[in-house]
Every structure is written in structure tokens, then in C-alpha cells.
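Biologist: I would like a close look at a single part of this model, with the criteria behind each term spelled out.

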Amino acid sequence: MSAERRLVRATSAFFDDLDAQLGPERGPRGEPSTNDYQTLELLRIVELFATGFDDLPELIAGRSEYRLLITAGTLVPRLSVLGQLAPDGAVEHISLDLDLDAGW
């Protein structure tokens with residue numbers, strides 16, 4: 001695990017991805033809303049990046065400033081988040097991909 005705890009923030013592109021994949025209300029088959037995701041998934045994801053950024057796999061070999069988390073979610077079956085190390089040492093979530101292919 002990384003010795004350093006990093007500040008984590010999400011970019012507007014990350015939230016654009018979230019809004020494009022989930023609606024403001026729960027879906028008719030039980031799909032989570034954007035608020036559900038932010039409340040129940042995002043805090044765990046932030047913690048993983050804050051404490052383990054250096055342990056995540058590089059998106060591009062030799063480009064350690066880009067790290068990719070692929071994991072199972074609480075609300076969504078699978079998700080991936082791309083984080084980029086910013087010049088100030090913080091991690092910025094720059095993209096989100098939710099695999100919503102589940103039998104809700």
C-alpha cells in the first residue's frame with residue numbers, strides 16, 4: 001500500500017460520464033441513480049485512490065501518472081475509474097465506465 005495519502009477530486013468529465021450512464025432517479029428495473037452512486041460507491045472509490053494510487057495498475061506502461069481501477073461495485077456489477085496524478089500531487093478522477101449489464 002502507498003505510504004502517502006493523496007487528495008482525490010473528480011473532474012467535470014468524470015461527473016459527465018456518471019450523468020450519461022445513470023439518471024437522476026432510480027430506473028424502472030432498479031437501476032441506481034447518480035445520487036445512489038455518489039452516496040454508496042464513490043466514497044469507497046475515493047478511498048482506494050487516496051491510499052493506494054501507486055499500487056493500481058498503470059493505464060499505459062511507463063506512464064505512472066495514469067492509474068486504472070477495475071472493481072465490482074456495491075450497486076453496479078463492475079466499474080472502472082481512471083485517475084490521473086495532477087501537478088499538485090492530488091489524484092483526479094477523469095473518467096468513469098459503469099458496466100450496468102445486470103439483471104436488476
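Which residue lies over the face of F53, and at what distance from the ring centre?

Modeller: This is a predicted model, in which local features need pLDDT of at least 70 and side-chain atom pairs count only at pLDDT 80 or more, while totals for chains, interfaces and linings use all residues. Residues are numbered from 1 along each chain as its sequence is written, and side-chain values use heavy atoms, with hydrogens and water left out. The residue over the face of F53 is R67, at 5.6 Å from the ring centre; a charge sits over a ring if NZ of Lys or CZ of Arg is within 6 Å of the ring centre and within 35 degrees of the ring normal.

A search of the whole structure finds two aromatic pairs, for which rings of Phe, Tyr and Trp (its six-membered ring) must have centres within 6.5 Å, planes under 30 degrees apart being stacked, over 60 edge-to-face and the rest tilted. F14 and F15 form an edge-to-face pair, at 5.4 Å centre to centre and 85° between the planes. The rings of F49 and F53 have centres 6.4 Å apart and planes at 40°, so this pair is tilted. F49 is likewise buried, at 0% relative accessibility, as is F14 at 0%, whereas F15 counts as partly exposed at 29%.

How values were computed: Buried < 20%, exposed > 50% of the residue type's maximum accessible area, 1.4 Å probe, protein only.
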